[in-house]
Amino acid sequence: MTLNRRTMLKAGAAAAAAIPLFGSKAFAQEEPLKVGFVLIGTVNDNGWNFGHSEGAKYMKAELGDAVAEPTIVENVPEGPDCERVLRELAQSGHKLIFATSFGYGDYVIKVAQQFPDVRFEHATGYQRSENVGTYNARFYEGRAVCGTVAGHLSQTGKAGYIGSFPIPEVVMGVNAFVLAARKVNPDFTITPVYISTWNDPAREADAARAMIDQGIDIVAQHTDGPAALQVVEERGAVGGFGQGADMSAFAPNAQLTSIIDNWGPHYVLAAQAVIDGTWESKDVWPGLKEGEVEIGPYGPKVPEDVIAAAEAVKNGQIDGSMHIFTGPINDHTGTERVAAGVTLTDAELLSMDWYVEGVIPPA
Amino acid sequence: MQFRLEKRREPSKAMLYATPVVAVLLTMVVGAIIFSLIGFDGIGAVREIFFTPLTNAYKWQDLGVKAAPLIIIGVGLSIAYRANVWNIGAEGQYVMGGLAATWIALLTYGMSGWWILPLMVVAGIAGGALYASIPALLRTRLNVNEILTSLMLTYVSVQLIYYLVRAPWKDPMGMGFPQTRRFSADALLPNIFPGTIVHAGVPIAIVVALVAWFVMSRSVFGYQMKVVGAAPHAARYGGFSENKTIWLALLVSGALAGLAGALEVSGPFQRMVPGFPTNYGFTAIIVAFLGRLNPLGVIFGGIVIAITFVGGEVAQTSIGLSNAATGVFQAMMLFFLLAGDILVRYRIRRVVPQTAEARS
Amino acid sequence: MSPELIIAIIVTVVGASTPILIAALGELVVERSGVLNLGVEGMMLVGAITAFLVVFLTGNHYLAILLAAAAGVAASMIFGFLTLSLSANQTATGLALTIFGTGLSALAGQGYSARPVTLLGPLFPAELALHPIWRVLFGYSALVYFSFALVFAVWWFLKKSRAGLILRAVGENDLSAHSIGYSVIGVRYAAVAFGGAMAGIAGACFPLLLTPQWAERMTAGRGWIAVALVVFASWRPFRLLAGAYLFGLVMTMELYAKAGGGPLSAIPAELWAAMPYIATVVVLVLISIRRDASNNAPACLGKPFLPSN
């Protein structure tokens with residue numbers, strides 16, 4: 001009964017006050033916080049969704065009894081179905097909800113208006129409101145490390161990049177990779193291949209075959225799953241990179257290193273903020289420095305000096321002494337897009353729709 | 001002791017209504033047992049999937065919104081299937097209806113006027129009907145099987161969405177993501193009850209079903225559809241043209257699928273996105289059969305399927321039953337429902353062996 | 001284009017074509033008996049998870065293929081029982097079977113997604129496939145040779161064998177076949193079971209031939225391509241062989257063009273993806289124009305067999 005009254009008080013306060021969500025410590029919760037996660041795929045995808053479910057587990061382990069067992073809803077399409085799931089979570093007492101796919105944006109904003117006492121966080125999105133925050137991870141920092149390794153090890157100077165759709169996140173990754181590689185080998189090129197799906201492992205594998213057969217010896221990927229890496233291993237090409245998780249079990253020799261999505265720390269911070277009543281809507285975009293993006297162990301093919309060079313790039317991004325998107329940067333036609341010494345802003349990065357020099361652009 | 005099936009002279013009315021109920025009940029019992037045996041909370045799963053969606057007003061709204069497109073498409077398909085015309089490409093017609101409505105919404109972007117939404121709906125209906133006219137033309141002119149052409153065209157339409165939202169129709173302010181602009185206010189389907197999520201598509205679905213029921217049971221058109229479907233040769237003597245029936249069946253089912261597409265894109269979606277094809281067109285095939293190809297039955301079928309979708313998500317949030325498990329539940333229910341069909345047309349007779357021998 | 005590259009492309013095309021060829025050959029026999037089973041995708045997924053689990057647990061690839069076939073048969077028997085014994089609607093039952101297979105395979109595969117297995121190796125000793133030219137002939141696993149043998153076997157069965165004649169008769173005119181004394185339902189059960197076995201093996205190709213892992217929904221719509229392919233081939237095994245390789249070539253050339261540049265890379269991805277389906281409709285139209293009113297579709301396709309008692 002007390003709990004109910006407390007919740008109602010809180011909802012009432014939220015509705016009455018114009019800015020109820022800032023620092024309302026008075027309503028710190030005693031019941032365990034229920035946290036919901038909405039996923040576009042299944043937690044068994046070895047990639048994006050797996051990363052979020054690991055983050056959820058980490059949050060539970062760190063915060064213990066302060067949070068309830070996290071609720072994960074899988075295979076939620078980007079459309080009205082997601083609106084229903086979000087509402088379902090909000091109605092069933094979840095006070096913090098993570099929507100982890102871009103296409104959920106409109107619906108998060110909509111449902112958030114109906115539930116002012118529930119906090120929403122939308123991954124990779126850009127629309128915010130009083131109780132909707134956005135968060136993302138600077139994966140491009142990890143790709144700069146991978147690109148450095150590739151620049152050193154590639155014999156043909158050609159890399160391929162398997163992506164699903166040319167959205168800014170993917171374009172940014174392609175660009176960061178080749179910018180880093182060209183700092184090592186100025187002739188380095190990268191060919192993005194978009195396969196129009198996030199989950200078709202046989203097609204990812206065939207894309208990797210098509211690349212290796214045509215002189216590409218480094219296969220990077222933005223799609224989830226180890227299929228491309230397995231092909232690199234089987235064909236004995238120079239190597240590839242784990243996406244989202246360490247995939248060395250699938251390609252012990254071919255995985256040069258991996259970019260690990262580590263959402264856990266952010267989920268702990270967000271949940272703790274809700275428990276403390278200090279949560280506020282903001283846009284967070286942490287990266288290597290905060291540990292949200294991690295570089296996995298280096299593979300056996302990567303010699304000490306290359307590891308040192310890669311670590312230097314990693315540490316430079318951690319201490320802020322380097323940013324991969326600092327000019328001069330030309331686009332793929334050779335026209336200067338970023339002047340020397342200028343760094344692209346976050347907003348420019350998040351809407352990136354042009355390729356840098358060294359990218360062989362797709363149709 | 002032996003059993004044999006004996007054909008009924010008339011389809012059993014009692015079984016027509018009883019079998020869907022029995023099928024749902026059987027799914028609950030068998031599902032609970034099997035899922036308990038393999039280590040899930042079987043009883044909890046049944047409770048969450050089948051009952052929780054019915055427990056509160058919010059869920060009723062969800063059911064209505066989810067069922068509306070299924071009912072609209074399902075009604076169209078039930079008419080076509082009655083005429084023995086097997087349009088299984090409603091998904092593609094739904095997509096083309098949505099694209100046609102989107103086209104109007106983008107042309108009129110920034111404008112206002114009461115006429116925009118009706119124009120989108122008309123465009124959607126036309127888009128769906130036009131896309132269905134391809135299988136109709138091929139079937140009537142060249143005798144090409146409409147099951148196959150309508151299915152193939154569905155995949156083509158999905159690629160068309162991908163292309164349009166990636167290139168010509170991409171939202172200039174959308175941070176480069178493949179989707180169109182959000183439609184202007186007058187291109188959005190209004191909610192009929194303030195404070196709810198129930199949009200105008202829900203009553204439209206009911207009206208469509210009622211009108212279709214009336215037309216099918218009371219008009220010459222309905223009679224023609226049924227006669228041509230049941231006995232094409234007899235129909236020819238009766239002066240009903242088979243080709244005309246095929247055209248009508250495909251145009252009506254395509255138009256209704258297109259209507260559903262226009263309502264979905266202007267209502268729940270509010271913009272065209274790559275995720276627009278959500279299998280409503282395929283699910284509606286199942287809905288049409290659950291409804292025994294009767295427009296009123298389709299309302300029931302649409303709601304039952306909507307319950308399992310909504311309930312499946314409830315089960316994920318409340319007891320952590322995985323999405324895969326709810327898929328198995330759904331399939332099991334469909335199997336039972338389809339199996340129940342036979343009891344409508346046949347009766348099970350217990351026969352004494354001697355009699356059976358004497359008969360054969 | 002260098003000879004090495006052409007050979008490499010051929011090898012990839014063979015991989016992409018083999019599962020759709022096997023699944024489509026199974027469906028071809030099913031459809032020739034007058035049954036339309038749209039559950040191919042679901043049966044393939046059941047086969048894929050079975051093959052994966054068997055390899056993961058035993059390491060025996062051939063046992064995996066065998067059990068994948070058995071699993072496909074088991075799944076197809078649900079369809080068979082409902083549509084043949086209970087004369088439920090085939091279209092709806094096939095769709096339900098796909099939902100079932102998708103869910104069941106995902107359920108069985110939970111927890112196995114981060115586990116690698118090994119591919120089925122080449123059938124012939126590696127010495128035979130050293131030179132690239134020989135690799136084109138001798139470099140494949142048994143599944144590929146099986147798919148070729150299957151084309152001949154299905155062709156021979158339908159064209160030359162008595163059983164095949166009965167099967168076609170059942171598909172063309174079930175009532176006459178019944179009145180002559182053939183068991184329409186029995187023949188169709190056998191055909192559906194064969195289709196299930198082939199779909200199961202086609203599913204097994206995914207973890208054993210293409211990408212040695214389990215991923216939910218890893219067949220990614222190939223079952224529907226197989227259904228399209230049967231139509232594309234107008235229900236003939238050798239045309240189906242050509243069609244499967246044409247579809248495989250289209251799917252593969254897109255990737256080679258994009259990875260290697262060249263004029264083909266300018267074609268939008270969506271057009272590439274739509275091509276097999278557009279081609280199927282075009283072929284359907286062409287067949288019909290050439291043969292006037294009737295096309296090659298089995299006359300009883302998709303219709304339940306309802307003898308008057």
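Colleague: In what order do the six strands β6 to β10 and β12 of chain A line up in their open sheet?
Modeller: In this predicted model, the order is β7-β6-β8-β9-β10-β12 in chain A, and the pairing is mixed.

Colleague: Which strands stand at the edges there?
Modeller: β7 (189-194) and β12 (293-295) of chain A do; each has a single partner strand, so one side of each has no neighbour in the sheet. From one strand to the next, the twist averages 20°.

Colleague: What packs on that sheet?
Modeller: Helix α8 (residues 227-235) of chain A, which touches β6 (158-163), β8, β9 and β10 (255-261) of chain A. The direction of α8 makes about 160° with that of β9(A).

Colleague: How many bridges join β8(A) to β9(A)?
Modeller: Two, and the strands run parallel, with β9 covering residues 239-244 of chain A. As an example, Ile218(A) has Gly239(A) as its bridge partner in β9(A).

Colleague: Let me pick on Val219(A). Is Val219(A) buried or exposed?
Modeller: Val219(A) is buried: there are 29 other C-beta atoms within 10 Å, and 20 or more count as buried. This residue lies in strand β8 (residues 218-221) of chain A.

Colleague: What is Val219(A) in contact with, leaving aside neighbours within four places in sequence?
Modeller: Gly160(A), Ile162(A), Ala208(A), Met211(A), Ala228(A), Val232(A), Ala237(A) and Gly240(A).

Colleague: How many bridges join β4(A) and β5(A)?
Modeller: Four bridges join β4 (residues 119-123) to β5 (residues 132-135), and these strands of chain A run parallel. Phe120(A) stands opposite Val132(A) in β5(A).

Colleague: On to the core. Which residues touch the most other members of the largest nonpolar core?
Modeller: Val38(A), Leu86(A), Ile73(B), Ala24(C), Ala96(C) and Leu229(C), out of 351 residues in that core. The largest share, 18 residues, comes from α9(C).

Colleague: Take Leu86(A). Beyond neighbours within four places in sequence, what is Leu86(A) in contact with?
Modeller: Val38(A), Ile97(A), Ala99(A), Tyr107(A), Val108(A) and Val111(A).

Colleague: Last topic: how many residues of chain C are in contact with chain A?
Modeller: 33 residues of chain C, with 33 residues of chain A. α11(C) supplies the largest share of chain C's side, six residues. By class, that side has 21 nonpolar, nine polar and three charged residues.

Colleague: And how many residues does the contact between chains C and B take?
Modeller: It takes 40 residues from chain C and 36 residues from chain B. α4(C) gives the most to chain C's side, with twelve residues. The residues of that side divide into 26 nonpolar, 13 polar and one charged.

Terms used:
Residues numbered from 1 in each chain as written. Chains lettered and ligands numbered in written order. Predicted model: local features only at pLDDT ≥ 70, side-chain atom pairs only at ≥ 80, totals over all residues. Contact = placed C-beta atoms within 7 Å. Nonpolar A, V, L, I, M, F, W, Y, C, P; charged D, E, K, R; others polar. Core = buried A, V, L, I, M, F, W, Y, C linked by C-beta atoms within 7 Å. Buried ≥ 20, exposed ≤ 12 C-beta atoms within 10 Å, placed from the backbone. Pairing = 2+ DSSP bridges. Axes fitted to C-alpha atoms, helices over the stretch in contact; angles between N-to-C directions.
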